[in-house]
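Colleague: I'd like to learn how to read a strand, a helix and a pocket off a model. Can you walk me through it?

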Amino acid sequence: KNSIISLLVIHNISLPPNKYGGKYIEQFFTNQLDFSEDPYFQKIKNLKVSPHFVINRVGRLIQFVSCRDRAWHAGTSEWRGEKKCNDYSIGIELEGSDHIKYTKLQYKKLNQLIDCLTAKYDIKDVVGHCNIAPGRKTDPGPLFNWDLINTGKNT
């Protein structure tokens, strides 16, 4: 479904948790993950998740879903009284966790992506998954430095 995009949601992901590099995130988002390769993968076996973008630790940007299409990144969510954030947001995953700082290259690429998206869409807010699903989600986590994001639309 196409709709008016007004929100950017920042997430984090590492597969397995707190391990970086490798092929697992890309395989997970393209339904090619071999769930027998790590015991943790059994816990996510039935999840259907798809962000628009992922930025890895060295700043490589990968797009998984067109911005014209809904991605399934927000889950049960609400922002400014409007539920179902998947309907009006773009999801950006950073390879990371709540426990390790993000890299300068990730912030640089994230800012480039935010600039690109805010030029194309009437983005009202840039928020964390924790802001649209409080109590359920914590990402991008306490070590995400909102002061390094070059938009005045942060929460």
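Modeller: We'll take the central strand features, then a helix, then the pockets.

Colleague: What should I know about the model before I start?

Modeller: It's predicted, so local features need pLDDT of at least 70 and side-chain atom pairs count only at pLDDT 80 or more, while totals for chains, interfaces and linings use all residues. Residues are numbered from 1 along each chain as its sequence is written, and side-chain values use heavy atoms, with hydrogens and water left out.

Colleague: How many residues of β6 are buried?

Modeller: Terms first: helices (H or I, at least four residues) and strands (E, at least two) are DSSP runs, numbered from the N terminus. Buried means under 20% relative accessible area, exposed over 50%, partly exposed in between, with a 1.4 Å probe and protein chains only. Here 7 of the 7 residues of β6 are buried, so β6 is largely enclosed by the rest of the structure. Ser89, Gly91, Glu93 and Glu95 cover one side, and Ile90, Ile92 and Leu94 the other.

Colleague: Which way do β1 and β6 run?

Modeller: Strands pair if DSSP finds at least two bridges between them. β1 and β6 run parallel, joined by 7 bridges, and Ile10 has Ile92 as its bridge partner. β2 is also parallel to β6, with 3 bridges; there Phe53 stands opposite Ile92.

Colleague: And how do I read a helix like α2?

Modeller: An α-helix has 3.6 residues a turn, so residues three or four places apart point the same way. In α2, the buried residues are Gln106, Tyr107, Leu110, Asn111, Leu113, Ile114 and Leu117. They pack against β1, β2, β3, β6 and β7, where contact means heavy atoms within 4.5 Å.

Colleague: What lines the largest pocket?

Modeller: On a 1 Å grid over the protein atoms alone, a pocket is an open set of points where a 1.4 Å probe fits, with protein on both sides within 12 Å along at least five of seven lines; lining residues have an atom within 4 Å of a point. The largest pocket holds about 630 Å³ of space. Of its 29 lining residues, Asn12, Ile13, Tyr40, Lys137 and Asp139 are the closest to its centre. β1 gives the largest share of that lining, 3 residues.

Colleague: And how much space lies in the second largest pocket?

Modeller: About 180 Å³. It has 14 lining residues, with Gly22, Glu26, Asn56, Ile62 and Glu95 nearest its centre. For the second largest pocket, the largest share of the lining, 3 residues, comes from α1.

Note on methods: Grid points are joined across faces, edges and corners, and a volume is the space filled by probe spheres set on the points.
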